[in-house]
Amino acid sequence: MAEWEVVIGMEVHVQPSTRSKMFCGCAVAPLNSPPNTYVCEICEGMPGVLPVINKAAVEACLKAALALECEIPTHTKFDRKNYMYPDLPKGYQISQYDLPMSRNGRLDLEGRRVRIRRVHLEEDTGKLIHAGDKLHKAWESFVDLNRAGVPLMEIVSEPDLRSADEAREYAMELRTLLRTIGASEADMEKGQLRAEPNISIRRPGSEELGVKTELKNINSFRALHRAIAYEVNRQAELLESGGTVVQETRGWSETEQRTFSQRSKEFAEDYRYFPEPDLPPLELDREWIEKLRAALPELPRARRARMVAEYALTPSDAAQLAAERELADLFESAVIGGADAKQAANWIIGEVAPGGARPSADQLAEVVKLATSGKITRDQAREVLAESIRSNRAPHQIVAERGYEQVSDAAALEPIAREVIAANPKAAADYRSGKTGAIGPLIADFKKRAPQADRKVAMELLQKLLA
Amino acid sequence: MDPTKLTIGELGRLLQDRELSAQELLVMHLDRIEDADGEVKAYLRLTEELAGEQARAADRALKDGEAGPLTGIPMAVKDVLCVRGVETTAGSQILRGFKAPYTGTAVRRLFEAGVVMLGVTNCDEFAMGSSTENSGYFTTHNPWGLDRVPGGSSGGSAAAVAAGEAVFSLGTDTGGSIRQPAALCGVIGMKPTYGRVSRYGLIAFASSLDQIGPFTRSVEDCALVLETMAGHDPLDATSANRANDVRRSLTSGVDGMRLGVPKEYFDVEGMEPGVKVAVNNALRVLESAGAKLVDVSLPHTDYGLAAYYIIAPAECSSNLARFDGVKYGMSDQDAQNITDAYSHTRRNGFGTEVRRRVMLGTYALSSGYYDAYYVKAQKVRTLIKRDFDEAFTQCDAIVSATSPTVAFPIGSKTQDPLSMYLCDVLTLGGNLAGLPGVSIPCGMSEGLPVGLQVLAPQWREDTALRVAHAYEGGSDMRVEVALLG
């Protein structure tokens, strides 16, 4: 494989966070809604209906474009992309062709700058449900238009990615960025972020691009990585055995873990794009754009770098925190609240991120302080955190209520140490005879009798009495 | 006086004075339709149940003193305007049986003003044609000569008003489809400025050209109906948010106005001498009312037809893609695959002219031809707009014939699409430039009505109506109802 260079460009469709659809007042359907329950005459493509632009979708798209450092033109418009398919109720998709909402941006990964060709806005299609396998073999097909007309931003990169790893990193970074700026929830499993890599391979040093294939049906970052790896392998084997790559769209089969041919692109479809006459061109107000730009939060890459510099976090911890703006905000607020940075990061990464519920910064700061100072044990701290989230109370209240305050006064604990030794004569004897491992069961018994005992103090007491 | 021959204004007074009830007026119209429509064939279908409900509501409003000038007035609606629960087919077999699930904005506003909808009128399929001969159902006959066409595409709506089968009606105008049948049937018809009336609910033919407008028996009525429909609609992004001032200067007269006479509109190919005489007489009437006639030029007129027949088919090829047999209307159930289902449905559902224009438009938008056809046509459109802008620096309104000919015999142009396209040569410039235009009867030629067209600058419906009103008064013109038989 070393003799091939992999070239990948990404087309990513992202559903912006909007309440309503792109061109009508219908609410965006929650996942798994019954078919055709979030539809109206407009998104059903009834005769005589007209589209009206959803401003929230335009705003989300502009925010994404600004965060990707794109140029925003003063003048943009929508176009019709004409093709007939049963999931496309109007027989055309309203999209953007030659005057997209933005162009020429970039997204920096570790060690790779990916140029963004354009970010534009369009509408989603409906969904076909086949009784059978594929449309041409099905004996019956059904159309669900809940998704029809849902806004989509299409983010198109230049072919700047060079491996499956980079492609996955790109998609993940995009997700983080979009979540950070509040443009989309970008959940791949929910179909809010759909990545379609264009893949070709060539000999290293070659300036020409090889014949590319486009992959679809990818539903997770893992699948993205695997699909690209599979496809690169397939192309290499094909070329090495004297074959040629056919330009086509290929689907990823999750069950079979392979790509399969879906649609040949040898005869490029003619979409007969022309300006959408039902929508006047959009003049993008400079003041509005600048307002949106100024309101962008600190972007993930900058924030990661700052967190490493400011809090001495490892790049990996910083990345995990900055992956979600909420987590990073929680971290910084907890630190301001007096929590140790490294400890706060550990708590968030280890305890908060995997769980569903989120504590307030005050709650987390207090728990981290209690645990770090040794006032309560780590296990207790975990319970206190969970309880304070659940009942929305201050951690110290819960500690007091449960009597969790750790005892580290040696004088107070000495009688217990004597009890433990008396109750475990064999272990005590073993220890005295040099088997230091025998301290284990003694400590365990100690903690059973006095859960509040500071483990370190208990250990020292036992060692002293057994010496 | 027979109420089926009166204007909205006259009937409004009778209704307000309780000399006539809305329900009585409805019955008189249904009777007239029964007598006349067997010959005229203006209506595709009647909406008697809806009309009954609306007439009863109108009578309640009249009784309670809550009536407006349109309360209880019977109206006919072209078969391209969606009305909830009413079969709306755009004159096409492909939509046979389709009941619209909603009411479009213009019709809804008229309903809210208390009108009574009599029924749905015939038109050329998807408004493509100038004679109603392209209707997927039947041809409408001109009340002034039953062997003649009523014009089109809104021929049914024009004929209904001309035959006393409706007090007023609605049409749509993409290249002349209101003004030309108004001229041929001897009634008043107006196409507003593009964006004046919401297109929501209008089954689109060519989105950048289509406008809804009224057919009436007086200029006053025309202004009233237009004013009621007009105004910004949040459901139509191309509808304008501006003052509803269409009747601002209705009765101001033309004294001192400059009326442009474009030579290109008088030397047009196929202009009948009788039409020219009638129009010239009309210009004399306006002159004697104080208007000054000035020669203007619209030098790109010759290219208008070609540009129009690229742009309109291009838009229609896209607009008509939704009629695919999947969601509503005709649907081929025997096809073995989706491609066959599409092509069988569309081949059987669309008529010849519609298929011709869908193919023309598809071709014009195809990659490799797009620049040579569509882009070029848009440039010509810009030049035509500039012609009008330039002309309007020299005059307040432009006057000409509406149609170069009077109503022609049924069947005389069906074999030659190009001769049919030439019917709109004096009207389609107004659509390309988005201008308001009104056609008003100005005499007869060969026993058939002739129409005078008044075009005004964008948003100056008031000017067009003011000239028409001055002509109406100055000539003592009254829109007659054809007696038939």
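What follows is a short chat about the sheet, the cores, the chain contact and some backbone details.

Visitor: What kind of model is it, and how is everything numbered?
Guide: It's a predicted model, where local features need pLDDT of at least 70, side-chain atom pairs count only at pLDDT 80 or more, and totals for chains, interfaces and linings use all residues. Residues are numbered from 1 along each chain as its sequence is written, while chains are lettered from A and ligands numbered from 1 in the order in which they are written.

Visitor: How many strands form the open sheet in chain B, and in what order?

Guide: Eleven, running E1-E3-E2-E4-E6-E5-E10-E11-E9-E7-E8 with mixed pairing. Strands (E, at least two residues) and helices (H or I, at least four) are DSSP runs numbered from the N terminus, and two strands pair if DSSP finds at least two bridges between them.

Visitor: Which strands stand at the edges?
Guide: E1 (43-46) and E8 (292-296) of chain B; each has a single partner strand, so one side of each is left without a neighbour in the sheet. The twist averages 30° from one strand to the next. Axes here are lines fitted to C-alpha atoms, for helices over the stretch in contact, with angles from 0 to 180 degrees between N-to-C directions.

Visitor: How do E5 and E6 of chain B run, parallel or antiparallel?
Guide: Antiparallel, with two bridges joining E5 (residues 188-191) to E6 (residues 211-216). Ile188(B) has Thr216(B) as its bridge partner in E6(B).

Visitor: What about H2 and H3 of chain B, at what angle do they cross?
Guide: The axes of H2 (residues 22-40) and H3 (residues 48-63) cross at roughly 150° and come within 8 Å. That makes H2(B) roughly antiparallel to H3(B); the label is for angles over 145 degrees, with under 35 roughly parallel, 65 to 115 roughly perpendicular and the rest oblique.

Visitor: Switching topic: which residues have the most contacts inside the largest nonpolar core?
Guide: Met75(B) and Val116(B), in a core of 158 residues. A nonpolar core is a set of buried Ala, Val, Leu, Ile, Met, Phe, Trp, Tyr and Cys residues joined through C-beta atoms within 7 Å. Buried means 20 or more other C-beta atoms within 10 Å of a residue's own, exposed means 12 or fewer, partly exposed is in between, and C-beta atoms are placed from the backbone. Helix H9 (residues 301-319) of chain B gives the most to this core, with eight residues.

Visitor: And how many residues does each chain bring to the contact between them?
Guide: Chain B brings 35 residues and chain A brings 27, where contact means C-beta atoms, placed from the backbone, within 7 Å. On the chain B side, H9(B) has the largest share, three residues.

Visitor: Is Phe126(B) buried or exposed?
Guide: Phe126(B) counts as buried, because it has 33 C-beta neighbours inside 10 Å.

Visitor: And Asn32(A), buried or exposed?
Guide: Asn32(A) counts as exposed, because it has 7 C-beta neighbours inside 10 Å. Its phi is positive, near 65°, and Asn32(A) sits in the loop between strand E1 (5-14) and helix H1 (55-67) of chain A.

Terms used
Two residues are in contact if their C-beta atoms, placed from the backbone, lie within 7 Å.
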